Amino acid sequence: MNNTHEPMPTNNSYDGFGAYDHNRSGVGAHRTALIIHTIGDVAAGFLGLWILLYLLEANQGNVFVAFVHGVADVLAWWSQDIFTMDAEGVRVFLNYGLPAGLYLLLGHGIAARVRRI
């Protein structure tokens, strides 16, 4: 049996600042990534909501439906009429679904890249 007094191991994550201070330099990158992630999700959400409202034949004269349609048109301006099939529902689904998927992929991808910084 050894009678020497070895110091007890310590957990430095509880030294008054906790785990939050351990990676303080990454806080700004994490917040930036969260903002980018959220913007992509909101954009895709508006596009998805417009697709849903259109396919469910929502009242086009309703203020809320018109607002969602306007926002979706602004977000999907670059993809309008990429697909020109005869079935109107499929055309709306593809022309608004493509940018929704891209906004999700880009938002999540860029956010993941920013978090690694």
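Predicted model: local features only at pLDDT ≥ 70, side-chain atom pairs only at ≥ 80, totals over all residues.

Student: Why is α2 called roughly antiparallel to α4?

Tutor: The axes of helix α2 (residues 27-55) and helix α4 (residues 88-115) cross at roughly 170°. Angles over 145 degrees count as roughly antiparallel, and therefore α2 is described as roughly antiparallel to α4. The two axes come within 8 Å.

Student: Which kinds of residue make up the contact of α2 with α4?

Tutor: That contact comprises 21 nonpolar residues, eight polar ones and three charged ones.

Student: What makes up the largest nonpolar core, and which element gives the most to this core?

Tutor: The core has 15 residues, of which L47, W50, L53, V65, A72 and Y96 touch the most other members. Two or more residues come from each of α2, α3 (63-75) and α4, and α2 gives the most, with six. Beyond its neighbours within four places in sequence, V65 is in contact with W50, L53, A58, N59 and Q60.

Student: Why is N95 counted as buried?

Tutor: N95, a residue of helix α4, has 4% relative accessibility. Buried means under 20%, so N95 counts as buried.

Student: How do you know that the side chain of N95 makes a polar contact with the backbone nitrogen of F83?

Tutor: A polar atom of the N95 side chain lies 3.0 Å from the backbone nitrogen of F83. The cut-off for such a pair is within 3.5 Å, so this pair counts as a polar contact. The backbone nitrogen of I82 lies 3.3 Å from a polar atom of the N95 side chain.

Conventions
Residues numbered from 1 in each chain as written. Heavy atoms only, no water. Axes fitted to C-alpha atoms, helices over the stretch in contact; angles between N-to-C directions. Helix = DSSP H or I, 4+ residues; strand = E, 2+ residues; numbered from the N terminus. Parallel < 35°, antiparallel > 145°, perpendicular 65-115°, else oblique. Nonpolar A, V, L, I, M, F, W, Y, C, P; charged D, E, K, R; others polar. Core = buried A, V, L, I, M, F, W, Y, C linked by side-chain atoms within 4.5 Å. Buried < 20%, exposed > 50% of the residue type's maximum accessible area, 1.4 Å probe, protein only. Contact = heavy atoms within 4.5 Å. Polar contact = N/O pair within 3.5 Å; in protein donor to acceptor, adjacent residues only side chain to side chain.
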